[in-house]
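The exercises below are meant for a reader who is meeting this structure for the first time. Try each task before reading the solution that follows it.

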Amino acid sequence: MTLDTAQYKRMYQRISAIEFSILRIGEYPIPSIIDIVNSIRLAKGNVFAEWKQSDTAKLFEDHGYKNKKESSGDVTPKSCIFM
């Protein structure tokens, strides 16, 4: 079994486990789904090349959005402070 084949097999097993979890519990295991998408996105070489070139993959690209953290966190307007 080649490395690519082994990776595809492991990914298939992980996706199957997620599907069974959804059917059993009725909820989406978001951390598991994020983990599997990241595994596919970050796989080395041509593994999952078709997915990496898809429109779906573009949704997961880093678009550079960052929270600038300029706010102090104080949401109370100064005029509303009672003495």
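Lys 58 is partly exposed, because its relative accessible area is 44%, where buried means under 20% relative accessible area, exposed over 50%, and partly exposed in between (1.4 Å probe, protein chains only). This is a predicted model, in which local features need pLDDT of at least 70 and side-chain atom pairs count only at pLDDT 80 or more, while totals for chains, interfaces and linings use all residues. Residues are numbered from 1 along each chain as its sequence is written, and side-chain values use heavy atoms, with hydrogens and water left out.

**Exercise 1. Describe the overall make-up of the protein.**

Begin with the secondary structure, in which helices (H or I, at least four residues) and strands (E, at least two) are DSSP runs numbered from the N terminus. The protein has four helices and zero strands, and reading along the sequence gives the pattern α-α-α-α. Next consider burial: of the 83 residues in the protein, 18% are buried.

**Exercise 2. Find the salt bridges and place their partners.**

A salt bridge is a side-chain nitrogen of Lys or Arg within 4 Å of a carboxyl oxygen of Asp or Glu, and by this rule the count comes to two. One of them joins the side chains of Asp 35 and Arg 14 at 2.4 Å, N to O. Asp 35 lies in helix α2 and Arg 14 in helix α1, so this pair ties together parts that are 21 residues apart in sequence. Asp 35 is partly exposed, with a relative accessible area of 42%, and Arg 14 counts as partly exposed at 30%.

Now return to Lys 58, whose side chain meets that of Asp 55 in a salt bridge of 3.4 Å, N to O. Both residues lie in helix α4 (residues 55-58), three residues apart, which is about one turn of the helix. Asp 55 is exposed, with a relative accessible area of 60%.

**Exercise 3. Which residues form the largest nonpolar core?**

A nonpolar core is a set of buried Ala, Val, Leu, Ile, Met, Phe, Trp, Tyr and Cys residues joined through side-chain atoms within 4.5 Å. The largest one has eight residues, namely Met 11, Ile 18, Ile 36, Val 37, Ile 40, Ala 43, Val 47 and Phe 48. The elements that give two or more residues to this core are α1 (3-25) and α2, and the largest share, three residues, comes from α2. As general background, nonpolar side chains in soluble globular proteins tend to be buried together.

**Exercise 4. Is Phe 48 buried or exposed, and where does Phe 48 lie?**

Phe 48 counts as buried, because its relative accessibility is 9%. Phe 48 lies in the loop between α2 and α3 (49-52), and Phe 48 has a positive phi of about 65° although it is not a glycine. Taking contact to mean heavy atoms within 4.5 Å, and leaving aside its neighbours within four places in sequence, Ala 43 is in contact with Phe 48 and Lys 52.
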